[in-house]
Amino acid sequence: MLKKIRIVLIETSHSGNIGSTARAMKTMGLSRLYLVSPKQGIDEQAFALSAGAEDILRNTVIVDNFVQAVADCSLVIGASARLRHLQHSILEPHQCAIHALQQAQVGEVAIVFGRERIGLTNDELLKCHYHLNIPANPEYSSLNLAMAVQLICYELRMVWLQQQKKYENQNLSIVNKENAYPDFAELEYFLQRTENLYTSLGFIQNQGVMQKLRRLYQRAAVEKNELNILQGMLSRVEDLAHGKK
């Protein structure tokens, strides 16, 4: 399941942080690192600070934007220190690990960390199913990027070890529901189609409505067959809107 979980870094400013992140990941058994438009590439400093995790750096996937990094994921968790508008979807590290490993049984999972200075944008946060917050000391909550990644990877490993022990003791196997849930790109297509249709019909007149609908569908954890039904419903409404019987 750990192989189904990727760490995504957005527009990293310092290559040393990339190397330190790779080291943090490898110590806890994670191996898949994605970089979105890094300001500095993987250089000698990154390899030096990886301290033996060169294989993760060599296999790092570099993409141009957030959507490309998570397009095939059925669960996207974005790390954020901003709490004001995210109360409905906040996870602490242990909860994040539980959710991630549960979803890793059936699909790809991304845990996304933002820019060192400003974190994730509002638009990026909106596209995440859940938001990860590390409840650090409010009087000194400064965690560098690799520290934050290390903490989350540790929680993932601890939950994974507990699950392995449970399966061994009870002689259980994970039910294979591969591809039971739509990936990020499929859900985004449905949401964009929904917005276009109901905007044209005059139902959606501001972004607030679409944001609430997005949260509703993300919270519902819609399965692929359910999404197909919703797509069919949209098609029928589109037909009627265009005068087709």
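The model is predicted, so local features need pLDDT of at least 70 and side-chain atom pairs count only at pLDDT 80 or more, while totals for chains, interfaces and linings use all residues. Residues are numbered from 1 along each chain as its sequence is written, and side-chain values use heavy atoms, with hydrogens and water left out. The protein chain has 10 helices and 7 strands; helices (H or I, at least four residues) and strands (E, at least two) are DSSP runs, numbered from the N terminus.

**Overall build**

- The C-alpha trace spans about 65 × 45 × 35 Å along its principal axes.
- Of the 245 residues, 42% are buried; buried means under 20% relative accessible area, exposed over 50%, and partly exposed in between (1.4 Å probe, protein chains only).
- The chain exposes about 13,300 Å², and carbon and sulfur atoms supply 50% of that area. Accessible areas come from the Shrake-Rupley method with a 1.4 Å probe; for residues, only the protein chains shown count as cover.
- Among contacts (heavy atoms within 4.5 Å) between residues at least 6 apart in sequence, 83% join residues at least 24 apart.

**Helices α8 and α9**

- Helix α8 (184–200) has 17 residues and reaches 24 Å from its first C-alpha to its last, close to the 24 Å expected at 1.5 Å a residue. The expected span is 1.5 Å times one less than the number of residues in the helix.
- The buried residues of α8 are F184, L187, E188, F190, L191, R193, T194, E195 and L197. Their cover includes α4 (66–70), β4 (73–79), α9 and α10.
- Helix α9 (residues 207–220) has 14 residues, and its end-to-end C-alpha distance of 20 Å is close to the expected 20 Å.
- M210, R214, Y217 and Q218 are buried in α9. Seen down the helix axis, the buried residues of α9 fall within an arc of 100 degrees, so they line one face; the arc is that of the directions from the helix axis to the C-beta atoms.
- K212 and R219 are exposed on the other side of α9.
- The cover over the buried residues of α9 includes α6 (122–126), α8 and α10 (224–241).

**Helix α5**

- Helix α5 (residues 93–104) has 12 residues and reaches 16 Å between its first and last C-alpha, close to the expected 16 Å.
- Its buried residues are P93, C96, A97, A100, L101, Q103 and A104. Because these buried residues of α5 fall within an arc of 160 degrees down the helix axis, they line one face.

- Most residues other than glycine have a negative phi.
- S37 has a positive phi near 40 degrees. S37 lies in the loop between β2 (32–36) and α2 (44–50) and is partly exposed, at 27% relative accessibility.
- A51, also not a glycine, has a positive phi of about 50 degrees. A51 sits in the loop between α2 and α3 (54–58) and is partly exposed, at 48% relative accessibility.

**Cysteines**

- The structure holds 0 disulfides, a disulfide being a pair of cysteine sulfur atoms within 2.5 Å.
- The cysteine sulfur closest to that of C73 is in C128, and the 11 Å between them is too far for a bond.
- C73 is buried at 0% relative accessible area, and C128 is buried at 1% relative accessibility.

**Alanine 22**

- A22 is in helix α1 (residues 15–27) and is buried, with a relative accessible area of 0%.
- Leaving aside neighbours within four places in sequence, A22 contacts S50, A53, I56 and L57.
- A22 and I118 are 96 residues apart along the chain, and their C-alpha atoms are separated by 21 Å.
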